[in-house]
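Subject: Structure handover

Hello,

Here is the structure I said I would pass on. Please open it first; my notes follow below.

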Amino acid sequence: MPFQALDFQSTVISGLLARLRRQAALYRQLSNNPDGEAQARRHDAGLVLVAPTGAGKTGMAIETLARFAADERVLWFWFAPFNGLVEQAASAMRAQAPQLTMLDLASDRRLAAVQNGGVFVTTWSALAASNAEARKARVRSDAGLAVDELLVLARQQGLRIGVVVDEAHHGFHKAKQAQALFRDVLKPDYALMMTATPRDGDVAGFERDTGYRLGRPEDWASAARVDAVAKGLLKPGVRVVRFLARDGDEKQLIDFERLALRECTQTHRAIKAQLAERGIGLTPLMLVQVPDGKVAQEAARKFLVDSLGFAESAVRLHTSDEPDPDLLSLAQDPSVEVLIFKMAVAIGFDAPRAFTLAALRGTRDASFGVQVVGRIVRVHPLLRHRSDLSPALQQGYVFLANAESQEGLLAAGAQINALRTQAPELGSTVTLTVSGGQQEVQVVDAGRSFALPFAPAGTVSSDHSASLALDASGERIDAPAPWTTAAQSALGLIGGDGAAAPPSRLSSTPAGTAMPLAMQVAQGTLRYPRRAGVPERIASERLPAAPQDFEMRLADFVDFSQDVLSARMKLRAKVLRSESEVFDSAGVSEGEQDIWATLSPEAVASKADQIAMRLNDANQRLIRQRLLERFRTAIEQSGAVPPDDEEELEQQLDLVLVRHPTLLSRAYKAARLHELQRPAAVLREVIESDIPLAPAARNAYGVFENDMNPDELAIAQLLDAHPQVRWWHRNRSDARSADAVGLYAWDEGDGFYPDFVVSIAERPTPDGIALLEVKGSHLWGQPKEVEKGSAVHPDHGRVYMVGRRKGEQEYHFLLPLKDRLEPEGVFQINRLRWV
């Protein structure tokens, strides 16, 4: 049916038409100047139309083309973002603007078919890719001319070429072949770029890749969300629901995807009931956006059918990487209640029945948010301008399995809210005057004005005067003189662990200190003896190899008390359900409540495996078997009945291990640490090297060893230069080395060998020894490294952790805070004297 433009749409359409007509007038003025015409095309042919999904972008663009067709003969190429959306756009065009001639690439590549203008609806891949269909269209055959030839002939017949790019940001800027087609083959005289997600980077990229100028946001045509809401096209709001774990330790165990599906289903069914109560014959549609991959898609479908009670025929799965006719028909089929689709298909398909969407994965990107909102924000025609709708029927709802995705939704809301209904700027107003020997170009462009004298390329007699005035009306005053480069320039028509580098190993030795004593034993081998005053023995720890019956012994030490066993039935965790409005840029929560969420068996099992794998010396398969035997016995001895199903028993054991994460570590210490030995590490008499080592004033062997990374070397040089340091030693990390100083009692028997052993004057430990570990910032969030931040040696005290952030110069002490090592004060060697 003909398009009935609403007030705000009329504003946009009128503005687009004015720009197109202004450009057509400019081309007429430059009809004898091909170079000037080409420059004007690149400068002013580009138009941008920005509008929220559902505000009528497609309708406004079609109406603009239809009205412009009454004035000019233009051969248009309308590029849809996906194959499946080609017919959707073509159908809208046939229904809305029957006066437009619809053309088919397969049969209408003939001059006779296009001589009066028309529209090819296609995709970039159909013309600009290396596939067979694109090759067919670009090569002459019995089906017709090559598109490239057709364009040349059309131009010779006086046709202009126009391009419409729907969702202009999608794929075009990344496709070199599409860019080349646009820039070198189509060379459009009119280019309308439509999008719901304007991004400065896309605009800059388009201008760079094609040479076509799109201007600034104030030059664009745009439609405001509030205007579309006022006219009943869009829902007044979109609610975003996210879920936050009350207990941070349980966050990784909760099945947020199933929780989002469950909560989304409840809202969907409430909306369905309200529609039925009001006698509205509309089946609402619940959308489920899943990650790529058949496993995730099938898991969602199975849960919806088996656990949430949807009929199998009511849940449909779209597996294509892009919208296709099947997806569009599913979105309109009233027998379909739930439509599952991939993240990659978030663009372009209409689903006015949709009220709810469960986003099982997501990003923090605003473009992702715009597309998510766009799928549920439309108002179905049956609901427009009704006064009996409850607030629930006037909202869209997004349920996030990933709470952090809210950032993308709020950014999308702010981006959409920022749009205002406006016509595009009319572009440059140009006055070209030649009078006697004086020639001048006057340019007025978006409020800026300047003049530039120039010399025409041709010969102009002294008594010749001519003027060209181009304004919004496009009225011609006189023919222009040939443009020079200077004039075109005036018009703007010519395209114009991140540690710092290590300190030198050859730094000078402090004054008054002796060079290291190196004795050459054999050709190419140097020996550096241990210096006087450095002790031969330093207190250390060792743990002998585990006995053969270790797994059985460990299982016997596990304390399966009544309190511990009760955790096997705790399948849920409490989460905070937070609801807010997408179009409230502050993202302030307007409703919060505690709800129960089911733990994910897969996540629980993975966490339990991680806990068991931390046990040093344990055979994982055997320890699992012994724990299950001991667990079953403990359940029976408590008076309860263990499950008959072995898989269920394993799931219950996983729950116990996860709910009591120190259960195995306590058993390990009880079973093993009584064997802990405390032999002294015996420092070598000499160290050997095949190359000369740089001298060090306070090192135990008088040199900087060459096995240090940049951070370790930087700390070593700080130690070497500080008067509080009596001596320092680069510690080995090999448990087999007799001179390695280690800690074993700090966790479940894993050896920890700090980087440096340092003797500090006035430190109240044997030989004033402190232990120092240097940690790169990329390791600060790793659980094992965080635990090392609390490691304590019985003789030497707490191990000092030191590091710096990437790009920083100063080193800091590091302390474990929550789940990370965090800086705590600048590293000062004076602090090492305190225990």
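Which hand does the crossing of H20 and H22 have? The crossing of these helices is left-handed, meaning that the near helix is turned anticlockwise from the far one by less than a right angle.

Before the rest, two remarks on the source. This is a predicted model, in which local features need pLDDT of at least 70 and side-chain atom pairs count only at pLDDT 80 or more, while totals for chains, interfaces and linings use all residues. Residues are numbered from 1 along each chain as its sequence is written, and side-chain values use heavy atoms, with hydrogens and water left out.

Helix pair

Helices (H or I, at least four residues) and strands (E, at least two) are DSSP runs, numbered from the N terminus. Helix H20 covers residues 601–613 and helix H22 residues 646–659; their axes come within 9 Å and cross at roughly 60°. The axes are lines fitted to C-alpha atoms over the stretch in contact, with angles from 0 to 180 degrees between N-to-C directions. H20 and H22 are therefore oblique to each other (under 35 degrees is roughly parallel, over 145 roughly antiparallel, 65 to 115 roughly perpendicular, and the rest oblique). On the H20 side, the contact (heavy atoms within 4.5 Å) is made by Pro601, Val604, Ala605, Lys607, Ala608 and Ile611. H22 contributes Gln651, Asp654, Leu655, Leu657 and Val658.

Leucine 655 also lies 7.8 Å from methionine 569, C-alpha to C-alpha, although 86 residues separate the two in sequence. Methionine 569 is in the loop between helix H19 (562–565) and strand E21 (572–581). With 53% relative accessibility, methionine 569 counts as exposed (buried is under 20% relative accessible area, exposed over 50%, partly exposed in between, with a 1.4 Å probe and protein chains only).

Strand E13

In strand E13 (residues 395–400), six of six residues are buried. Gln395, Tyr397 and Phe399 are on one side, and Gly396, Val398 and Leu400 are on the other. Strand E8 (residues 237–245) runs parallel to E13 and is joined to it by five bridges (strands pair if DSSP finds at least two bridges between them). Arginine 239 stands opposite tyrosine 397 of E13. Strand E12 (residues 354–359) is also parallel to E13, with four bridges, and alanine 358 has phenylalanine 399 as its bridge partner in E13.

A buried loop residue

Serine 737 sits in the loop between strand E27 (725–730) and strand E28 (756–760). At 10% relative accessibility, serine 737 counts as buried. Neighbours within four places in sequence aside, serine 737 is in contact with Arg542 and Arg732.

Regards
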